[in-house]
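Reader: I would like to learn how to read a structure feature by feature, with the general idea first and the particular case second. Could you take me through one?

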Amino acid sequence: MPLKILEYVRPKTLEEAYELLQKDGAEILGGTTYARLSNRTIKLAIDLQDVGISDIYEEDDYIVVGAMARLANMQFHDLIMEYANGYLYDAISYVWSVQLRNIATVGGTIVPKWGFSDFITAVLALPSEVEFYKAGRMKLEEFLENPTPKKDIMTKLLIKKESRKATFKFMRNSVYDFSIVNVAVSAKDENGKLTDWRVAVGARPGVAALSRKAMEILNDGYDESHIEEATEAMQEELNFADDFRWSGEYRREVAGALMRNAISEVIG
Ligand SMILES: Cc1cc2nc3c(=O)[nH]c(=O)nc-3n(C[C@H](O)[C@H](O)[C@H](O)COP(=O)(O)OP(=O)(O)OC[C@H]3O[C@@H](n4cnc5c(N)ncnc54)[C@H](O)[C@@H]3O)c2cc1C
């Protein structure tokens with residue numbers, strides 16, 4: 001049995017969509033790529049295509065990506081292609097297939113906080129924020145570490161515009177598989193000096209998290225001994241667990257290797 005929708009609505013404003021969402025059994029539709037895999041019944045399906053949150057543009061110090069932007073629109077947007085030497089263009093290209101990326105939305109990818117997400121790990125390694133209609137704006141890490149705002153609508157992803165060097169690494173059994181572990185590292189490039197390091201690790205198999213200890217160590221220095229210390233700190237700080245595919249111990253080892261590699265690439 002496929003996903004069943006009892007009533008479908010396409011509101012024209014965010015206010016109207018938010019009011020409809022408060023009704024019993026109401027749910028937001030993103031691209032429905034994941035939602036349609038279930039055989040649930042949605043009483044009231046709210047399609048956000050007409051509420052004006054699909055655009056990608058610049059605003060003050062941020063690149064703003066509307067929650068209804070498709071992953072492919074984001075991937076090929078000039079602002080994204082130019083940012084950090086095409087880092088996000090490259091990272092998004094690993095999200096399954098062209099067909100999926102043409103349909104899946106940024107909101108539908110961030111809000112569920114899936115552990116397997118490559119996209120979330122890649123964005124978390126950048127200073128970024130998410131905005132919800134009622135709950136307002138928060139750092140992406142705050143959103144990931146706290147309960148998801150209930151019956152609310154994600155409207156935007158905001159990525160701080162600054163000169164950054166960044167890289168995304170993952171381990172998979174094959175290209176069309178979910179990552180068994182993934183790591184993203186970035187640092188602010190201040191005339192060749194690398195500051196404000198960010199290290200995100202996902203698919204542990206939990207949702208991506210920052211290793212704040214590793215970031216602190218790298219902010220002190222990024223020579224061989226600091227890199228080794230930071231890697232060990234990440235392996236100790238973050239939780240790695242078993243699932244039906246790999247053990248937590250193996251994930252921890254692989255994450256360490258990916259992180260060393262990623263830091264070396266960022267340093268160049
Ligand atoms: C076969 C397959 C392979 C995949 N492979 C990868 C991969 O390799 N790497 C990777 O990173 N990801 C992968 N994904 C995940 C994918 O990138 C999308 O994140 C996912 O499919 C959902 O996107 P969607 O826009 O279709 O969301 P939907 O399925 O429409 O919605 C998902 C959830 O988000 C909620 N939602 C959607 N938009 C909003 C909003 N604006 N505000 C509040 N709630 C909202 C919905 O109510 C729903 O609960 C894969 C998914 C599939 C189906």
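This is a predicted model: local features need pLDDT of at least 70, side-chain atom pairs count only at pLDDT 80 or more; totals for chains, interfaces and linings use all residues.

Reader: Which domains does the domain assignment of the chain give?

Author: Domain bounds come from an automatic or database domain assignment. Here that assignment gives domain 1 (4-46), domain 2 (56-160) and domain 3 (164-267). Between the C-alpha centres of domain 1 and domain 3 there is a separation of 36 Å.

Reader: How many residues surround the ligand, and which are the closest?

Author: A residue is near a molecule if its C-beta atom, placed from the backbone, lies within 6 Å of it. In this model the ligand is surrounded by 28 residues, of which the closest are G30, G31, G107, G108 and T109. Two or more residues of the shell come from each of strand 2 (26-29), helix 6 (106-110) and helix 7 (118-124), where helices (H or I, at least four residues) and strands (E, at least two) are DSSP runs numbered from the N terminus.

Reader: What is the make-up of that shell around the ligand, nonpolar, polar and charged?

Author: The classes work as follows: Ala, Val, Leu, Ile, Met, Phe, Trp, Tyr, Cys and Pro count as nonpolar, Asp, Glu, Lys and Arg as charged, and the others, Gly among them, as polar. By that scheme the shell divides into 17 nonpolar, nine polar and two charged residues.

Reader: Why does the ligand lie between domain 1 and domain 2?

Author: The ligand lies between domain 1 (4-46) and domain 2 (56-160) because both give residues to the shell around it.

Reader: How are helix 9 and helix 10 arranged, roughly parallel or roughly antiparallel?

Author: Axes are lines fitted to C-alpha atoms, for helices over the stretch in contact, and angles run from 0 to 180 degrees between N-to-C directions. The axes of helix 9 (residues 212-220) and helix 10 (residues 224-237) come within 8 Å and cross at roughly 170°. That makes the two helices, helix 9 and helix 10, roughly antiparallel, given that angles under 35 degrees count as roughly parallel, over 145 as roughly antiparallel, 65 to 115 as roughly perpendicular and the rest as oblique.

Reader: Which residues of helix 9 and helix 10 meet?

Author: Two residues are in contact if their C-beta atoms, placed from the backbone, lie within 7 Å. From helix 9 the residues are K213, A214, I217, L218 and D220, and they meet H226, E229, A230, A233, M234 and E237 in helix 10. The residues of this contact divide into six nonpolar, one polar and four charged.

Reader: How does E229 count, buried, partly exposed or exposed?

Author: A residue is buried if 20 or more other C-beta atoms lie within 10 Å of its own, exposed if 12 or fewer, and partly exposed in between, with C-beta atoms placed from the backbone. E229 counts as partly exposed, because it has 16 C-beta neighbours inside 10 Å.

Reader: Which residues is A262 in contact with, leaving aside its neighbours within four places in sequence?

Author: A262 lies in helix 11 (residues 248-267) and, with those neighbours left aside, is in contact with T167, K169, V183 and V185. A262 counts as buried, since 21 C-beta neighbours lie inside 10 Å.

Reader: Where is D60 found, and what is its phi near?

Author: D60 is found in the loop between strand 4 (56-59) and strand 5 (62-66), and its phi is near 45°, a positive value in a residue other than glycine. D60 counts as exposed, with 8 C-beta neighbours inside 10 Å.

Reader: Which residues does a cis peptide bond join?

Author: The cis peptide bond joins R204 and P205, with omega about 10°. P205 lies in the loop between strand 11 (193-202) and strand 12 (209-210).

How values were computed:
Residues are numbered from 1 along each chain as its sequence is written.
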